[in-house]
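Some labels in a structure description rest on cut-offs.

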Amino acid sequence: MRLFAKFVIVVLTLFSISQTVAAQDTKLGIMGTFSINQYKMSDINDDIDGMNRQGIDMDNITSGSGPGIMAILYTNKDRLLFCVNYERLNGSSSYSDNSFIIDFDVKANLIEFQTFVRSPIAGNVSLLIGGGIGQYTSVGEVEFEETGYMAGTGDINASCIGFRIMGGAELQMSDNIRFFGILGYRKAETGDITIDGNSVENYTLDYSGLHLRLGVGIVFAGKTGK
């Protein structure tokens, strides 16, 4: 089953729960997000450094950005939040000249469960402190071409369970409209990658690093507590 289909199923489940316990002031929010991420990517960057010593000029993969969507269940008078999160983690580096092309693409999909404690601090602003655990699945690609000699493209596959801690703020613009910003750190390093099904030992993708996430969304089912 595709990752997005799994996300939709869980969101519908959360919505069903929120309707069932609506009398207890439980509400569902849907947020669109955008993230800026740092990565380690030590193994790929070691290869890039090696090629750069041979005379090319290729950037390390140290960061990336991507969109996401998150369903949030507000409970306990909106003090405790349970979330299902999908993110696209993008990252790439490439080099080309008249005779040589190399391109590393290390994008990945993330499906994650998160929880936050929400504490009002001033006016319509609330503090968010939380963490998450999720499945990181690489859907990357490597492309290589040397004119007159060889060319090839391979799918990069790997996965892992990753963790992160986060802190941020939520701004309540109205009963239903929210903005939020979250800063956090994730630890997420895959096991050995495969390229077109062939295992590459002691070679991983490391998505660990700081991240900044911004979002806007809608909260359904009435007024949210402060």
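**Labels and their grounds**

Q: Why is Phe 179 called partly exposed?
A: Phe 179 has a relative accessibility of 39%. Buried means under 20% relative accessible area, exposed means over 50%, and partly exposed lies in between (1.4 Å probe, protein chains only). Phe 179 therefore counts as partly exposed. Phe 179 is placed in strand β11; strands are DSSP runs of E with at least two residues, helices are runs of H or I with at least four, and both are numbered from the N terminus.

Q: What do the numbering and the values rest on?
A: The model is predicted, so local features need pLDDT of at least 70 and side-chain atom pairs count only at pLDDT 80 or more, while totals for chains, interfaces and linings use all residues. Residues are numbered from 1 along each chain as its sequence is written, and side-chain values use heavy atoms, with hydrogens and water left out.

Q: What makes Glu 201 exposed?
A: The relative accessible area of Glu 201 is 63%, and the cut-off for exposed is over 50%; Glu 201 is therefore exposed. Glu 201 is found in the loop between β13 (198-199) and β14. Its C-alpha atom is separated by 9.0 Å from that of Gly 191, ten residues apart along the chain.

Q: How do you know that the length of helix α2 agrees with its number of residues?
A: The expected span is 1.5 Å times one less than the number of residues. For the twelve residues of α2 (residues 42-53) this should give 16 Å, and the end C-alpha atoms are 16 Å apart, which agrees. Gly 55, with a positive phi near 115°, follows α2.

Q: Why are the buried residues of α2 said to line one face of the helix?
A: The buried residues in α2 are Ile 44, Asn 45 and Ile 48. Seen down the axis, they fall within an arc of 95°, so they line one face; the arc is that of the directions from the helix axis to the C-beta atoms. These residues pack against β4 (92-96) and β5 (100-105), where contact means heavy atoms within 4.5 Å.

Q: How much of the protein chain counts as buried, and which secondary structure does the chain have?
A: Of its 226 residues, 42% count as buried. The secondary structure comes to two helices and 14 strands. Of the contacts with a separation of 6 or more, 68% are accounted for by residues 24 or more positions apart.
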